Structures are given as structure tokens and as C-alpha cells.
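This report describes aromatic contacts and a surface patch in one protein model. Please view the sequence and the structure together.

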Amino acid sequence: MKDFNYYAPTEVVFGREAEARTGQLVHKYQGTKVLVHYGGQSAKRSGLLDAVCRSLQEAGIAYVTLGGVVPNPRVAKVREGVELCRKEGVDFILAVGGGSVIDSAKAISIGVPYEGDVWDFYLRKAVAETCLPVATVLTIPAAGSEMSNGSVITNDEGKLKKDYCTDIFRCKFAVMNPERTFTLPAYQTACGVTDIMMHTMERYFSHEDDMEITDSVAESILCTVKETVFKVLHTPDDYVSRAQIMWAGSLAHNDLTGCGTVGDWSTHCLEHELSGMFDVAHGAGLASIWGSWARTVYLLRPTRFARFAVNVMGVPNDFTSPEHTALAGIEAMERFYHAIGMPTSIPELIGRLATEEEIQTMARICSDNDAHTIGTFKPLNMQDMIDIYWKANR
Ligand code: NZQ
Ligand code: ZN
């Protein structure tokens with residue numbers, strides 16, 4: 001078990017009508033003029049945006065609004081938010097939405113006090129030293145951005161999707177009312193569940209094997225989400241099931257399942273290129289590539305994959321062959337993806353084969369022209385990435 005620092009400073013306010021407390025919470029964290037940042041239509045249509053604004057008014061807090069954040073949030077909207085915050089003297093940013101809105105809010109938060117262009121952070125040309133405080137009223141359990149230290153932003157110029165990580169813009173608080181996720185379409189629910197499971201699996205597939213508590217927490221998250229997703233797909237307003245998934249989303253990406261281990265993150269890196277290139281939903285992109293990654297690496301440590309197969313996927317243990325059990329687990333995971341409506345290949349993801357040029361471009365960007373590898377379970381160079389994309393392109 002490796003040494004670790006565990007830092008999860010976000011105050012979580014969880015439960016029915018939790019959004020009514022937003023104004024008090026902003027006051028507690030000393031916000032006086034708020035940017036209420038949101039996405040397309042969902043938060044407006046459901047009345048959540050009104051409820052949040054009402055709560056701010058009741059707490060006597062001034063605010064301005066900026067909507068229009070799209071999935072795979074764009075740097076152009078971030079720049080617009082930076083300008084608006086400066087002009088209006090905003091001192092607190094409230095993201096009402098999912099990972100895309102939160103990531104856009106985090107980007108604005110570091111952009112406001114920075115003299116240069118906010119994209120510099122994502123290109124690793126600058127380090128954020130200060131930011132406006134950020135908080136969220138979460139509407140989709142998926143990205144885990146409500147408790148993570150990351151923000152992922154897309155730049156249409158060059159179809160680049162890049163992350164920036166810093167503890168300073170972690171959310172001050174996260175309001176989570178599972179009722180607010182009842183309106184999620186089945187596809188977004190499934191994408192979210194896939195991302196929650198992947199955040200756990202990226203940390204689970206490691207070469208450590210003396211971290212029983214971390215493994216058990218991870219397996220519990222994976223099993224709970226895997227069973228519960230069918231209940232919410234069948235009954236979207238099942239509060240208890242929505243609540244299990246919502247809390248799992250935060251636990252999966254607040255580093256709890258990373259204590260004592262190092263993450264791999266290859267599947268995420270490969271997926272960010274897919275959503276940068278094809279503008280697909282992040283969760284669906286992960287499902288489309290994971291099996292090809294797993295088949296590429298599992299023989300390095302079949303016992304780890306066999307444990308996953310037995311404890312998470314419920315595959316019978318073939319004690320004579322961990323390799324056999326491991327492969328059965330990968331196949332079972334892909335059957336699960338199909339059962340919840342997720343793709344397991346690039347053609348299923350984008351509706352056609354990727355071209356050779358697209359595959360080369362994604363691998364080139366992902367590896368910075370073969371300047372670095374990704375992943376820790378098996379470090380992957382540019383050629384490995386190309387091979388995995390081809391494997392998924394069937
Ligand atoms: O825009 P609206 O109309 O709100 O619709 C959204 C959007 O179309 C809809 N939605 C959200 N809540 C809803 C709802 N529809 C009905 N009812 C509700 N309650 O869902 C769609 C997807 O929303 P989005 O915010 O894009 O989803 P998600 O939370 O999955 O975020 C994905 C983004 O997060 C990044 C991904 O790369 C992607 O860009 N990630 C961020 C991470 C982080 N910051 O730590 C880590 C992740 O690995 C991930 O990379
Ligand atoms: Zn993710």
C-alpha cells in the first residue's frame with residue numbers, strides 16, 4: 001500500500017429539497033455577488049434554476065446568470081464567463097448542472113484573476129495560484145467534478161480536449177438532491193454510470209495488492225452501481241436508487257478509491273481524444289474503448305482482472321486459469337455496457353468506422369507526438385494507442 005494524502009474539502013449537502021439551502025451556503029462561504037452558471041435547457045425546464053435563484057434572493061445575495069454550457073464544455077464559453085465576472089464584480093461561481101457546467105465554472109474561476117488567456121492553464125503554460133470560490137448544485141451523477149480537483153475543457157481549434165488539475169478550485173460545497181436527477185434521459189443515466197464505474201476501475205486496475213480496504217470500497221461502489229442502474233432505467237423516479245448512484249458518483253472520484261494506489265487513467269486519456277475528435281458523450285466514449293484496453297493489458301496481471309471478474313461481474317472463478325476468468329470478466333463487462341445501452345466499439349459510438357487519419361491524429365495528440373506514455377498498469381506509447389484504437393474500430 002503506497003503512502004497517500006487524502007484531501008476532500010467539499011461540504012456535501014445531500015437530500016430532498018437541498019437546493020433550498022444554496023443561498024445560506026453561499027453566504028457561509030462569503031459570496032456576495034454570484035455567477036449562476038448553467039447548461040442548455042434541463043435546469044431551466046425542471047424549475048431548478050428558479051429554485052436556486054430564489055434561494056439566493058432569500059439570502060440577500062446578488063447574482064448574474066450565464067447559461068449555454070454544452071457537453072464537452074468549450075473554452076469560448078469560459079472566456080465569456082471570465083469577461084462577465086470581471087465586468088460584474090462577481091466573487092463566487094455557482095455551477096448548476098453536471099460535470100460540463102462545473103468544469104466550465106472551475107475554468108472561469110482561475111481565468112478571472114489571471115492576466116493571460118485561460119487556455120494557458122490547459123496547455124500547461126501557466127499554473128493557477130488563485131481563483132474565485134466555486135460551488136455546485138449537481139444535476140447528474142457522472143463526472144465527479146463536484147468533489148474532484150479537475151476541470152476538462154475543449155477547444156474547437158484543433159479539436160483539443162484537455163484537463164487541468166489543482167486543489168484550489170475544488171468546490172466549496174456541493175448540493176445534491178437525487179430528485180433533481182429524475183429527469184435524466186436513460187442515455188445520460190447510462191453514460192453517468194459508466195463514468196462512475198470507470199473512475200473506480202482506473203484506480204482499481206493497479207499492481208498494488210495489499211490495499212484490501214480500498215479494494216473493498218471500490219468493489220462495493222462498482223457492485224452497487226451495476227445493480228442499481230437497472231432500477232433507475234426502469235423507474236426513473238426511484239429516489240433511493242437515484243440516491244445510491246448520486247453518492248457513488250462522488251465517492252468514485254473524490255480519491256477515496258485511490259488511497260494507497262496509483263491510477264492508470266489510460267482509458268480516460270484515450271477517451272478524451274475520442275470526445276475531442278467526435279464530440280461524443282464522455283461515458284459512451286469510455287465504454288467504447290475500455291474492452292480494447294483491457295484485452296491489451298490483462299495478461300500483465302491476470303489475477304487482478306480475475307478478482308474483478310469474480311467480485312464485481314459475478315463470473316465463476318476458474319481456479320485452474322486466472323487468464324480464463326479474467327477474460328470472462330472483460331466479456332461480462334461488455335455485455336453489461338450493451339445491456340445499459342452503451343457502445344463497446346468506435347463504430348457503435350460514432351455510427352461509422354474511424355479513418356486511419358483520425359486514429360493517427362488522436363494517438364499523436366494523446367502522446368504529444370510520442371513524447372510521453374500514458375497509464376501505469378501498462379505504460380502505453382503512441383503505437384500502443386494506435387493499436388488499441390484499431391482494436392476498438394471493428
Ligand atoms: O445542458 P443541459 O440541458 O443541462 O443537459 C445536460 C447535458 O446534455 C443533461 N443533463 C444534466 N443534468 C440533467 C440533464 N438532463 C436532464 N435532467 C438532468 N437533471 O445531461 C447532458 C450531459 O451533461 P454533462 O454535464 O456534460 O455530463 P457529465 O456530468 O457526464 O460531464 C461530462 C464532462 O465532464 C468531464 C467529461 O470529460 C465531460 O466533458 N469530466 C470531468 C471530470 C472532472 N472534472 O473531474 C472527470 C471526468 O472523468 C470527465 O472527464
Ligand atoms: Zn470520467
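The text below treats ring pairs, charges over rings, a recorded domain and a surface patch.

The model is predicted: local features need pLDDT of at least 70, side-chain atom pairs count only at pLDDT 80 or more, and totals for chains, interfaces and linings use all residues. Residues are numbered from 1 along each chain as its sequence is written, chains are lettered from A and ligands numbered from 1 in the order in which they are written, and side-chain values use heavy atoms, with hydrogens and water left out.

**Aromatic pairs**

There are 22 aromatic pairs in the structure. Rings of Phe, Tyr and Trp (its six-membered ring) pair if their centres lie within 6.5 Å; planes under 30 degrees apart count as stacked, over 60 as edge-to-face and the rest as tilted. Two of the pairs are tabulated here.

| Pair | Centre distance | Plane angle | Type |
|---|---|---|---|
| Phenylalanine 230 and phenylalanine 336 | 5.9 Å | 85° | edge-to-face |
| Tryptophan 293 and phenylalanine 305 | 6.0 Å | 45° | tilted |

Phenylalanine 230 belongs to helix H8 (residues 212-234) and phenylalanine 336 to helix H13 (residues 322-339), so that this pair links distant parts of the chain, 106 residues apart. Helices (H or I, at least four residues) and strands (E, at least two) are DSSP runs, numbered from the N terminus. Buried means under 20% relative accessible area, exposed over 50%, and partly exposed in between (1.4 Å probe, protein chains only). Phenylalanine 230 is partly exposed because its relative accessibility is 38%, whereas phenylalanine 336, at 5%, is buried.

Tryptophan 293 in helix H11 (residues 282-297) and phenylalanine 305 in helix H12 (residues 302-311) tie together parts that are 12 residues apart in sequence. Both tryptophan 293 and phenylalanine 305 are buried. They also belong to one aromatic cluster, whose members include Tyr204, Trp290 and Phe377.

**Charges over rings**

A charge sits over a ring if NZ of Lys or CZ of Arg is within 6 Å of the ring centre and within 35 degrees of the ring normal. Arginine 304 lies over the face of tyrosine 204, 4.4 Å from the ring centre. The charged end of arginine 16 sits over the ring of tyrosine 239, at 3.7 Å from its centre.

**Recorded domain**

An unreviewed UniProt entry lists residues 190-392 as "domain: Fe-containing alcohol dehydrogenase-like C-terminal"; such annotations may be inferred rather than shown by experiment. The span is 67% helix and 0% strand, and its end C-alpha atoms lie 20 Å apart.

**Segment before strand E1**

Phenylalanine 4 is found in the segment before strand E1 (11-14). With a relative accessible area of 43%, phenylalanine 4 is partly exposed.
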